[in-house]
Amino acid sequence: MGMNPLTALMAGSTPLTGGHGNAASFGPIAAEMGGVGAVEVAVAAATFGLIFGVLVGGPVARMLIEKNHLTPDNSETMDTSVEEINAGHGEKLTNLDVLKNVTAILFCMALGTEISGWIGKLIGMSFPSYVGAMFVAMLVRNLNEQFHWYHFRFPLVDGIGDVMLNLYLSMALMSLNLYQLLDLIGPVLLIVVAQVAALVLLSIFVIFPILGKNYDAAVMCAGLLGHGLGATPSAIVNMTAVKDKYGMSRKAFMIIPIVGAFLVDIIYQPQTIAFIKFFVQGFAG
């Protein structure tokens, strides 16, 4: 379609799997390497993906459930979920507790940025600083659960994250040159639609059978379509819609948030870097 390879890559799994946050993180890297309009394309693809992910997730799950006459497994004994593990319990945090939580966030950001810089030098290209911070935060959270260094509270940290992400996206969106999308909107939309079709077919004919062709598998396919085309909140929206109509799937609500919020980063972050480094960088100069 005559697109710069770096710009075209920013219409792919990078924004579709990570949403606007990932688009605003990887877009500037592609732009620095010569991808004209990469940031604008990434944000546009993320927006299209969020819309398509919600549009197709529920109908695909409904088709799988009704075609195969699936029902929820009420014998499940899993009585905890990610939401319950992270839920607040009404404790009043002291000012020192809040300060410790904020300090832990700053520590993860600082050390993670340094680690990302080291990785960037190692691979010879820019590496998103938030990726290193994410892995440091994972270690700090799990070690703190074991050693109880400070009074961690997820609702507080999650609220800080929401505020910071919204501020970051606001500043990023205000600096976009949307006029650069005029000549690219057709190719970008075509790439997104092709990926929607590919993921729908993959969910129906590959993922659903692999997961066992049961009710949990159908709900997880709805979550996959929400996250694989948008972000983890889209996956939760899809699965909640299915749950409200057909019943609860505790396995899906346990697995999808963990995979979408963390485990998928282990795969698609290195994948994106590798694609740029080995398949795109040489063709974009």
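What share of the contacts in the protein chain with a separation of 6 or more comes from residues 24 or more positions apart? It's 80%, where a contact means heavy atoms within 4.5 Å.

Before going further, note that this is a predicted model: local features need pLDDT of at least 70, side-chain atom pairs count only at pLDDT 80 or more, and totals for chains, interfaces and linings use all residues. Residues are numbered from 1 along each chain as its sequence is written, and side-chain values use heavy atoms, with hydrogens and water left out.

## The overall picture

The protein chain has 11 helices and zero strands. Read from the N terminus, its elements go α-α-α-α-α-α-α-α-α-α-α. Both kinds of element are DSSP runs numbered from the N terminus: helices are H or I with at least four residues, strands are E with at least two. The chain has 285 residues, and 41% of them count as buried. Buried here means under 20% relative accessible area, exposed means over 50%, and partly exposed is in between, using a 1.4 Å probe and protein chains only.

## How the helices pack

Two packed helices are described by the angle between their axes and the distance between the axes. The axes are lines fitted to C-alpha atoms, for helices over the stretch in contact, and the angles run from 0 to 180 degrees between N-to-C directions.

| Helix pair | Angle between axes | Axis distance |
|---|---|---|
| α2 (residues 13-32) and α3 | about 175 degrees | 7 Å |
| α3 (residues 38-67) and α8 (residues 185-210) | roughly 30 degrees | within 10 Å |
| α9 and α10 (residues 232-246) | about 145 degrees | 6 Å |

Let's start with α2 and α3, whose axes pack at about 175 degrees. That makes α2 roughly antiparallel to α3. For the wording, angles under 35 degrees count as roughly parallel, over 145 as roughly antiparallel, 65 to 115 as roughly perpendicular, and the rest as oblique. On the α2 side, the residues in this contact include P15, L16, G19 and H20, and among their partners in α3 are A38, V39, A42 and V43. Sorted by class, the contact of α2 with α3 has 13 nonpolar, five polar and no charged residues. In this sorting, Ala, Val, Leu, Ile, Met, Phe, Trp, Tyr, Cys and Pro are nonpolar, Asp, Glu, Lys and Arg are charged, and the others, Gly among them, are polar.

Helix α3 also meets α8, and there the axes cross at roughly 30 degrees. That makes α3 roughly parallel to α8. The contact of α3 with α8 comes out at 17 nonpolar, one polar and no charged residues.

Further along, α9 passes α10 in a right-handed crossing too. Residues from α9 in this contact include Y215, V219 and L225, and those from α10 include M239, V242, K243 and Y246.

## Rings in pairs

A pair of aromatic rings is described by the distance of the centres and the angle of the planes. Rings of Phe, Tyr and Trp (its six-membered ring) pair if their centres lie within 6.5 Å; planes under 30 degrees apart count as stacked, over 60 as edge-to-face and the rest as tilted. By this rule there are two aromatic pairs. F147 and W149 have ring centres 5.7 Å apart and planes at 10 degrees, so they are stacked. Y150 and F152 have centres 6.4 Å apart and planes at 75 degrees, so they are edge-to-face. Y150 is buried at 16% relative accessibility, and F152 is buried at 13%.

## A few single residues

I115 sits in helix α5 (residues 95-123) and is partly exposed at 27%. I115 is 17 residues from G132 in sequence, and their C-alpha atoms are 5.7 Å apart. L202, in helix α8, is partly exposed at 37%. L202 and C221 are 19 residues apart in sequence, with 9.5 Å from C-alpha to C-alpha.

Then there's H69, a residue other than glycine with a positive phi, near 55 degrees. H69 lies in the loop between α3 and α4 (82-86) and is exposed at 69%. K213 also has a positive phi near 55 degrees, and its place is the loop between α8 and α9 (215-228).

Notes: Left-handed = near helix turned anticlockwise from the far one by under 90°.
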